[in-house]
Amino acid sequence: MSQKLWLAAIALSAFTTLTAQEPPPLPSGNSEIVKMLSAGVPESTILSQVELLAERGSSFDVSPSAIVELQRRGASEKIMNEVIWAQATIVPTIDIPVPRGVFYRSGTAATPLNSFLLWPEVSRRWTTWPFFGPADKHVALSASPGVVQVSDSTPTLVVQGFGGDEDWQLVHIKRGSDYREVHVKTHGMFSNDFFSDSVFDRNDLRPVAFAPAGAKSFTVRPTAALEAGDYALCGGLPEGGWMRACYEFHIGSAVQ
């Protein structure tokens with residue numbers, strides 16, 4: 001074989017290899033439409049499926065070349081317009097869940113806080129002893145490893161994945177060498193907290209300010225400087241009930 005024929009054979013082989021390669025994969029929405037077109041699914045059904053695909057998280061390639069490819073595969077004008085509408089209207093507004101938690105924000109860094117669950121005892125006001133009332137409860141919890149150290153006395157905490165109406169409260173908690181202690185309030189007939197639904201003693205609460213931080217998050221910040229010690233930001237669960245999710249941190253020297 002002459003050199004020219006040999007080079008031509010190599011070029012033809014390379015061209016055949018390139019043209020035989022599979023085209024790049026289509027976005028999930030486009031590929032599903034192509035499958036339905038190939039199977040002969042009626043146009044009305046495909047139109048309904050486009051919206052369902054978008055709502056379930058599929059995206060669509062609406063570039064000119066992608067639209068031409070859909071037309072080549074048999075998509076009608078209605079189907080192509082529906083794809084463009086779904087990508088522009090539904091996909092950007094899909095409600096994507098975010099991890100639930102509380103974070104300490106310092107500059108651009110966000111540190112997740114460790115948490116514990118607290119289920120305070122419920123005491124009905126109308127069944128309490130009229131003069132003495134029930135005794136307050138001191139709930140002892142095991143020591144928590146890895147408590148986040150905070151140097152800022154007015155830290156910014158970012159609550160994510162919760163709603164804004166779970167009665168978030170900043171609580172001062174006590175700590176011993178191997179335990180934590182939370183003071184849980186019960187309602188006596190003549191107590192100052194008789195008409196309050198707070199599960200914590202008012203002396204342990206610290207005032208905070210709330211501000212929106214996004215569609216699924218908000219910030220909580222003390223309105224006054226916190227003294228050194230242990231704190232927990234506690235709020236009700238969106239699922240309801242009396243249980244509180246508490247996210248703790250420490251201000252001051254490192255926890256021993």
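Guide: Let's go through some labels and set each value against its cut-off. This is a predicted model, where local features need pLDDT of at least 70 and side-chain atom pairs count only at pLDDT 80 or more, while totals for chains, interfaces and linings use all residues. Residues are numbered from 1 along each chain as its sequence is written, and side-chain values use heavy atoms, with hydrogens and water left out.

Visitor: How many helices and strands does the protein have, and what makes a stretch count as one?

Guide: There are 5 helices and 13 strands.

Visitor: Why is C234 called buried?

Guide: Buried means under 20% relative accessible area, exposed means over 50%, and partly exposed is in between (1.4 Å probe, protein chains only). C234 has a relative accessible area of 2%, so it is buried. C246 comes in at 1%, so it counts as buried too. Across the protein, 37% of the 256 residues count as buried.

Visitor: How do you know that C234 and C246 form a disulfide?

Guide: The cut-off is a pair of cysteine sulfur atoms within 2.5 Å. For C234 and C246 the S to S distance is 2.2 Å, and a disulfide joins them. A search of the whole structure finds 1 disulfide. The torsion about its S-S bond is about 120°, so this disulfide is right-handed. C234 sits in strand β12 and C246 in strand β13, 12 residues apart.

Visitor: What makes a group of residues a nonpolar core?

Guide: The members must be buried Ala, Val, Leu, Ile, Met, Phe, Trp, Tyr or Cys, joined through side-chain atoms within 4.5 Å. The largest such core here has 21 residues, and V102, L113, V159, W168, L233 and F249 touch the most other members. β13 gives the most to this core, with 4 residues. Apart from it lies another core of 18 residues, among them I33, F60, L70 and A86.

Visitor: Why are helices α3 and α5 called roughly parallel?

Guide: Axes are lines fitted to C-alpha atoms, for helices over the stretch in contact, and angles run from 0 to 180 degrees between N-to-C directions. Angles under 35 degrees count as roughly parallel, over 145 as roughly antiparallel, 65 to 115 as roughly perpendicular, and the rest as oblique. The axes of α3 (residues 43–55) and α5 (residues 77–89) come within 10 Å and cross at roughly 10°. The two helices are therefore roughly parallel.

Visitor: Which residues of α3 and α5 make the contact?

Guide: Contact means heavy atoms within 4.5 Å. On α3 it is made by E43, I46, L47, V50, E51 and A54, and on α5 by K78, I79, E82, V83, W85 and A86.

Visitor: What makes S217 count as buried?

Guide: Its relative accessibility is 16%, so S217 counts as buried. S217 is found in strand β11.
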